[in-house]
Amino acid sequence: MVSYDNWKAANNEGTDIPANKWDPRDVSLPGYTAKAKTADGQNYDLINGTVVPGVKFDANKLDQYKDLQNKVINITYKANEVKRTIDFVNKDNETKVVGHQSVLGLTGTSAKYSLDGDADGKNKLNVPEGWESTYRAITIPFNGDASDNDPVKIPVVLQIISDPKDPHL
(Lines give C-alpha, C1' and ligand atoms only; values in the text may rest on other atoms or scores of the structure.)
Protein backbone atom coordinates (compact mmCIF):
# COMPACT_ATOMS: atom_id res chain seq x y z
CA MET A 1 0.00 0.00 0.00
CA VAL A 2 1.27 3.44 -0.90
CA SER A 3 0.31 6.73 0.76
CA TYR A 4 1.45 10.28 0.17
CA ASP A 5 1.34 13.61 1.98
CA ASN A 6 -0.81 16.52 0.82
CA TRP A 7 -0.18 17.54 -2.77
CA LYS A 8 1.42 20.89 -3.56
CA ALA A 9 0.71 23.18 -6.49
CA ALA A 10 3.09 22.64 -9.39
CA ASN A 11 4.95 25.52 -10.94
CA ASN A 12 2.53 25.85 -13.89
CA GLU A 13 0.72 29.08 -13.01
CA GLY A 14 -2.42 29.72 -15.04
CA THR A 15 -2.44 26.35 -16.76
CA ASP A 16 -3.81 22.89 -16.29
CA ILE A 17 -1.31 20.47 -14.80
CA PRO A 18 -0.56 17.71 -17.29
CA ALA A 19 0.28 14.35 -15.74
CA ASN A 20 3.73 14.40 -17.30
CA LYS A 21 4.51 17.62 -15.37
CA TRP A 22 3.60 16.17 -11.97
CA ASP A 23 6.37 14.94 -9.78
CA PRO A 24 6.59 11.31 -10.93
CA ARG A 25 7.23 10.17 -7.36
CA ASP A 26 3.67 11.29 -6.62
CA VAL A 27 1.81 9.36 -9.30
CA SER A 28 3.99 6.72 -10.88
CA LEU A 29 5.05 3.33 -9.68
CA PRO A 30 7.25 1.38 -12.09
CA GLY A 31 5.40 -1.59 -13.52
CA TYR A 32 1.94 -0.25 -12.70
CA THR A 33 -0.66 1.76 -14.62
CA ALA A 34 -2.02 4.70 -12.62
CA LYS A 35 -5.60 5.92 -12.94
CA ALA A 36 -7.15 8.92 -11.20
CA LYS A 37 -10.77 9.48 -10.22
CA THR A 38 -11.93 12.83 -8.87
CA ALA A 39 -14.63 13.31 -6.24
CA ASP A 40 -17.04 14.46 -8.97
CA GLY A 41 -16.64 11.11 -10.77
CA GLN A 42 -14.25 12.06 -13.56
CA ASN A 43 -11.76 9.36 -14.56
CA TYR A 44 -8.29 9.91 -15.97
CA ASP A 45 -5.53 7.63 -17.21
CA LEU A 46 -2.30 9.11 -15.93
CA ILE A 47 -0.25 9.10 -19.09
CA ASN A 48 1.75 11.84 -20.74
CA GLY A 49 -0.47 14.67 -21.95
CA THR A 50 -3.47 13.81 -19.75
CA VAL A 51 -4.74 16.77 -17.74
CA VAL A 52 -5.69 16.01 -14.15
CA PRO A 53 -7.90 17.37 -12.66
CA GLY A 54 -8.56 19.80 -15.49
CA VAL A 55 -8.86 22.87 -13.24
CA LYS A 56 -6.85 25.96 -14.15
CA PHE A 57 -5.29 27.82 -11.25
CA ASP A 58 -2.63 30.31 -10.33
CA ALA A 59 -0.37 28.95 -7.59
CA ASN A 60 -0.25 32.45 -6.04
CA LYS A 61 -4.04 32.54 -5.67
CA LEU A 62 -4.67 28.94 -4.67
CA ASP A 63 -6.69 29.97 -1.61
CA GLN A 64 -9.36 31.36 -3.97
CA TYR A 65 -10.09 27.93 -5.35
CA LYS A 66 -12.12 26.38 -2.55
CA ASP A 67 -13.55 23.75 -4.91
CA LEU A 68 -10.04 22.68 -5.92
CA GLN A 69 -8.91 22.47 -2.30
CA ASN A 70 -11.83 20.15 -1.58
CA LYS A 71 -11.47 18.12 -4.74
CA VAL A 72 -10.33 14.61 -3.89
CA ILE A 73 -8.26 12.75 -6.42
CA ASN A 74 -8.03 9.02 -5.78
CA ILE A 75 -5.20 7.35 -7.62
CA THR A 76 -5.32 3.59 -8.11
CA TYR A 77 -2.61 1.36 -9.48
CA LYS A 78 -3.09 -1.72 -11.61
CA ALA A 79 -0.20 -4.14 -11.98
CA ASN A 80 1.01 -4.36 -15.57
CA GLU A 81 1.36 -7.69 -17.34
CA VAL A 82 5.01 -8.67 -17.61
CA LYS A 83 6.46 -11.08 -20.18
CA ARG A 84 9.64 -12.94 -19.25
CA THR A 85 11.71 -15.44 -21.17
CA ILE A 86 13.17 -18.67 -19.89
CA ASP A 87 16.35 -19.72 -21.71
CA PHE A 88 17.22 -23.39 -21.46
CA VAL A 89 21.03 -23.42 -21.64
CA ASN A 90 23.47 -26.27 -22.04
CA LYS A 91 24.91 -26.88 -18.56
CA ASP A 92 28.35 -27.49 -20.04
CA ASN A 93 28.26 -24.32 -22.18
CA GLU A 94 25.85 -21.71 -20.80
CA THR A 95 26.27 -19.50 -23.87
CA LYS A 96 24.50 -22.22 -25.91
CA VAL A 97 20.72 -21.72 -25.67
CA VAL A 98 18.88 -24.89 -26.70
CA GLY A 99 15.33 -23.58 -26.24
CA HIS A 100 13.08 -20.78 -24.98
CA GLN A 101 9.80 -20.45 -23.14
CA SER A 102 7.76 -17.26 -22.65
CA VAL A 103 5.94 -16.76 -19.36
CA LEU A 104 3.52 -14.07 -18.20
CA GLY A 105 2.89 -12.57 -14.78
CA LEU A 106 1.86 -9.34 -13.08
CA THR A 107 4.22 -6.75 -11.64
CA GLY A 108 5.06 -7.49 -8.03
CA THR A 109 4.24 -11.19 -8.23
CA SER A 110 6.17 -14.37 -8.80
CA ALA A 111 5.21 -17.78 -10.14
CA LYS A 112 6.64 -21.22 -9.49
CA TYR A 113 7.34 -23.25 -12.63
CA SER A 114 8.12 -26.96 -12.36
CA LEU A 115 8.66 -30.03 -14.50
CA ASP A 116 5.15 -31.26 -13.65
CA GLY A 117 3.34 -27.90 -13.55
CA ASP A 118 0.64 -27.06 -11.04
CA ALA A 119 -2.65 -28.89 -10.35
CA ASP A 120 -4.29 -27.18 -13.36
CA GLY A 121 -1.46 -28.21 -15.67
CA LYS A 122 -0.18 -24.64 -15.85
CA ASN A 123 3.28 -23.28 -14.99
CA LYS A 124 5.01 -26.29 -16.54
CA LEU A 125 8.60 -26.00 -17.67
CA ASN A 126 8.69 -26.88 -21.38
CA VAL A 127 12.16 -28.41 -21.51
CA PRO A 128 13.25 -28.93 -25.13
CA GLU A 129 13.00 -32.48 -26.46
CA GLY A 130 16.17 -34.48 -25.91
CA TRP A 131 17.21 -32.44 -22.87
CA GLU A 132 16.64 -32.76 -19.11
CA SER A 133 16.45 -29.85 -16.68
CA THR A 134 18.82 -29.80 -13.75
CA TYR A 135 16.03 -27.94 -11.85
CA ARG A 136 12.80 -29.59 -10.74
CA ALA A 137 11.24 -26.17 -10.06
CA ILE A 138 12.07 -22.48 -10.17
CA THR A 139 10.32 -19.35 -8.91
CA ILE A 140 10.25 -16.55 -11.47
CA PRO A 141 9.79 -12.96 -10.25
CA PHE A 142 7.90 -10.36 -12.27
CA ASN A 143 9.41 -7.06 -11.14
CA GLY A 144 7.96 -4.67 -13.70
CA ASP A 145 11.36 -3.11 -14.35
CA ALA A 146 14.39 -3.53 -16.61
CA SER A 147 15.46 -6.70 -14.79
CA ASP A 148 12.54 -8.48 -16.48
CA ASN A 149 14.37 -8.08 -19.81
CA ASP A 150 17.05 -10.51 -18.69
CA PRO A 151 16.13 -14.13 -19.46
CA VAL A 152 15.85 -16.63 -16.63
CA LYS A 153 18.48 -19.28 -17.38
CA ILE A 154 17.79 -22.92 -16.61
CA PRO A 155 20.68 -25.35 -17.14
CA VAL A 156 19.84 -28.52 -19.06
CA VAL A 157 21.79 -31.68 -19.92
CA LEU A 158 21.40 -34.12 -22.78
CA GLN A 159 18.74 -36.68 -21.98
CA ILE A 160 19.98 -40.20 -21.36
CA ILE A 161 17.65 -42.80 -22.86
CA SER A 162 18.04 -46.21 -21.28
CA ASP A 163 15.27 -48.11 -23.09
CA PRO A 164 16.76 -49.62 -26.27
CA LYS A 165 13.26 -49.82 -27.78
CA ASP A 166 12.77 -46.05 -27.45
CA PRO A 167 12.25 -44.59 -30.95
CA HIS A 168 14.39 -41.54 -30.04
CA LEU A 169 17.57 -43.65 -29.99
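Buried means under 20% relative accessible area, exposed over 50% and partly exposed in between, with a 1.4 Å probe and protein chains only. The model is predicted: local features need pLDDT of at least 70, side-chain atom pairs count only at pLDDT 80 or more, and totals for chains, interfaces and linings use all residues. Residues are numbered from 1 along each chain as its sequence is written, and side-chain values use heavy atoms, with hydrogens and water left out.

**View 1. Arg84 and Asp148 form a salt bridge.** A salt bridge is a side-chain nitrogen of Lys or Arg within 4 Å of a carboxyl oxygen of Asp or Glu. Here the N to O distance is 3.6 Å. Arg84 lies in strand E4 (residues 81–90) and Asp148 in the loop between strands E8 (137–142) and E9 (152–158), so the pair ties together parts 64 residues apart in sequence. Strands (E, at least two residues) are DSSP runs, numbered from the N terminus. Arg84 is buried, at 5% relative accessibility. Asp148 is buried too, at 6%.

**View 2. Asp116 meets Arg136 in a salt bridge.** The N to O distance is 3.2 Å. Asp116 sits in the loop between E6 (109–114) and E7 (131–133), and Arg136 in the loop between E7 and E8. They are 20 residues apart. Asp116 is exposed, at 57% relative accessibility. Arg136 is exposed, at 55%.

**View 3. Four strands form an open, mixed sheet.** The order is E5-E4-E9-E7. E5 (93–106) and E7 stand at the edges with a single partner strand each, so one side of each lacks a neighbour in the sheet. Two strands pair if DSSP finds at least two bridges between them. E4 and E5 pair antiparallel over ten bridges. The bridge partner of Arg84 in E5 is Val103.
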